[in-house]
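Hi everyone, thanks for coming.

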Amino acid sequence: MKNLPLIDIAVIIAYLAAMVLVGVWFSRKNKNADQFTKASGMIPGWAVGISLYATFLSSNTFLGVPGKAFGSNWNPFVFSLSMPLAAWVAVKYFVPFYRTAGGVSAYTHLERRFGPWARTYAMVCFLLTQLARMGSIFFGIALSLQALTGYDMTTIMVITGLCIVIYTVLGGIEAVIWTEVVQGVLLTFGGLLILYLILANVEGGAAAIIDIGIADEKFSLGSFAPDFTGSSFWVILLYGFFINLNNFGMDQNYVQRYHTAPSAREAAKSVWLCVKLYIPISLLFFVIGTGLYAYYAQHPELTETIRLQAAAERPSLSASPDEVQQTATSLASADFGDKIMPHFMVNMIPVGLLGLVISAIMAAAMSTISSGMNASATVFTEDIYKRYIRPDSSGSQALRVLFIATAVFGVLGIVTGISMIGVKSILDVWWQLSGIFAGGMLGLFLLGIISKKAGNSDAIIAVIAGVLAILWMTFSYLIPEQYGYLRYPLHANMIIVVGTLVISLVGTGLATMRRSPV
């Protein structure tokens with residue numbers, strides 16, 4: 001790390017070594033697949049809750065949220081406000097259901113309800129969601145560390161990814177959870193430290209930040225008008241509820257955690273602890289973004305380097321210095337928001353503490369990526385290998401597949417992250433991709449719960465209708481201008497809402513009509 005002082009390099013190396021050693025330590029326990037995927041149900045609820053919190057609070061939050069607050073306002077914070085309702089539904093219905101069902105995979109129930117195709121469909125949606133999630137997080141961490149170390153983004157993703165693969169493959173879910181407990185504490189401290197440095201460097205302190213924020217409408221939660229074509233309060237609230245319902249109710253990352261707790265009561269406590277931690281800490285990162293906006297408003301000359309870097313990384317731009325300069329001048333604050341926090345860190349954080357904050361950013365990314373790798377490997381082993389390839393596989397064979405699948409999904413996550421280099425906003429990319437992939441999965445699951453009469457044929461037709469709707473909503477922007485009336489008119493974050501409703505309502509309607517007396 002050529003641009004960092006020796007003490008910061010030492011802190012980062014010590015952190016990475018500690019994470020790998022945790023994996024080595026827990027590798028002694030991984031003698032079977034049950035231990036690797038569920039830790040034999042012996043993790044205390046408070047540790048599971050912090051683990052869920054750390055999974056939520058990824059580098060997308062650490063970097064993307066301040067970037068959005070810097071470039072626009074607090075509209076995305078409405079996502080956090082939707083969490084309690086989704087958590088209530090999960091604790092009341094999903095947690096008891098999964099603890100009673102027993103299977104470690106979240107999608108086994110769908111096969112019993114609708115047939116093997118439903119399980120496979122949900123599993124594919126989940127794996128695509130995880131690749132999008134891991135890719136966006138790899139990109140986010142590389143974006144930050146590039147500014148701090150000088151290394152190119154691809155190299156950063158590969159080195160970081162290898163460290164994550166090592167401790168996740170060796171330690172299984174137990175290593176993932178306990179490293180996330182440490183990472184959750186570290187990334188929270190990193191956020192508080194950055195806020196302190198912002199307050200110390202903004203002329204006028206908190207009062208100036210508030211005045212500048214109010215003047216430029218930085219604290220707005222979005223329009224409260226019933227408008228679903230833009231990023232209004234209601235669009236983000238609906239999007240947040242459906243995404244969080246999918247997280248707590250269908251996402252293998254979370255469902256798998258419910259099985260690691262010793263009881264359903266402890267699992268429910270872990271969900272509420274996650275919510276209680278995440279909402280105020282996500283607010284902290286919005287405050288950081290607004291604070292950064294105030295700091296750079298007082299020092300606008302400091303954004304020149306950031307603008308040039310953002311312009312140079314645009315994939316559609318040639319390498320001409322004049323074109324880069326011209327583009328940089330025209331960029332709005334939303335176009336380089338993701339680069340603001342790394343720039344502030346590299347210039348304002350004292351030697352020694354910088355290594356700690358870089359470790360916090362790495363912790364934010366590694367916690368979510370390691371969870372995604374372990375959950376993806378579990379789904380592959382349970383829903384593909386043991387279902388279709390080797391139903392009679394022994395415990396040692398399943399454990400070997402878990403090891404291999406964990407490493408493979410880690411590599412695929414790195415490749416996905418590399419492919420995202422040059423995007424405008426990591427938070428926007430992740431929200432859009434997760435909405436596309438998760439909508440069908442959540443709709444099918446809700447159909448199975450809402451309508452006891454819906455059968456296999458009803459579900460198949462409903463999923464086809466839902467997938468067609470999602471494809472139309474996603475790609476209708478390609479329709480020529482003269483047929484513009486055929487384009488999807490709502491905001492992109494409504495894709496998961498509409499897709500979920502189409503599947504659940506079409507399936508319920510078909511079941512009702514089929515059983516209605518003539």
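Let's begin with what I mean by a bend: at a given residue, the bend is the angle between two axes, one fitted to the seven residues ending there and one fitted to the seven starting there. Keep in mind as we go that this is a predicted model.

Okay, so where is the kink in helix α9 centred? On G172, and the angle is about 125°. Helix α9 covers residues 153–201, and a straight helix of 49 residues would span 72 Å at 1.5 Å a residue.

While we're on α9, look at its start. A side-chain oxygen of D152 comes within 3.1 Å of the backbone nitrogen of T154. Further along in α9 there's V182. Is V182 buried, exposed or partly exposed? Its relative accessibility is 44%, so V182 counts as partly exposed. The C-alpha atom of V182 is 9.4 Å from that of S367, although these two are 185 residues apart along the chain.

Next, helix α14, residues 303–312. Here T303, I306, A310 and A311 are buried. If you look down the axis of α14, those buried residues fall within an arc of 130°, so they line one face of the helix.

T406 has 0% relative accessibility, so it counts as buried. The T406 side chain reaches the backbone oxygen of L402 at 2.6 Å. Setting aside residues up to four places away in sequence, T406 touches F36, T168, V169, M373 and A377.

On to the loop between α10 and α11. E217 is in that loop, and its phi is near 55°, which is positive even though the residue is not a glycine. For context, most residues other than glycine have a negative phi. E217 has a relative accessible area of 60%, so it is exposed.

F219 lies in that loop between α10 and α11 as well. With 28% relative accessibility, F219 counts as partly exposed. Leaving out neighbours within four places in sequence, its contacts are W74, I209, I210, G213, I214 and T290. F219 and F77 are 142 residues apart in sequence, and their C-alpha atoms are 9.9 Å apart.

Last topic: aromatic rings. How many aromatic pairs does a search of the whole structure find? The total is 25. One of them is F224 with W234, an edge-to-face pair at 6.3 Å centre to centre, with 80° between the planes. F224 is in the loop between α10 and α11, while W234 is in helix α11. W234 has 33% relative accessibility, so it counts as partly exposed. There's also a cluster, in which ring pairs link F70, Y293, Y295, Y296 and F344.

That's my tour, so over to you for questions.

Definitions and conventions:
Residues are numbered from 1 along each chain as its sequence is written. This is a predicted model: local features need pLDDT of at least 70, side-chain atom pairs count only at pLDDT 80 or more; totals for chains, interfaces and linings use all residues. Side-chain values use heavy atoms; hydrogens and water are left out. Helices (H or I, at least four residues) and strands (E, at least two) are DSSP runs, numbered from the N terminus. The expected span of a helix is 1.5 Å times one less than its number of residues. A polar contact is a pair of N or O atoms within 3.5 Å; within protein, one must be able to donate a hydrogen and the other to accept it, and residues adjacent in sequence count only if both atoms are side-chain atoms. Buried means under 20% relative accessible area, exposed over 50%, partly exposed in between (1.4 Å probe, protein chains only). The arc is that of the directions from the helix axis to the C-beta atoms. Contact means heavy atoms within 4.5 Å. Rings of Phe, Tyr and Trp (its six-membered ring) pair if their centres lie within 6.5 Å; planes under 30 degrees apart count as stacked, over 60 as edge-to-face and the rest as tilted.
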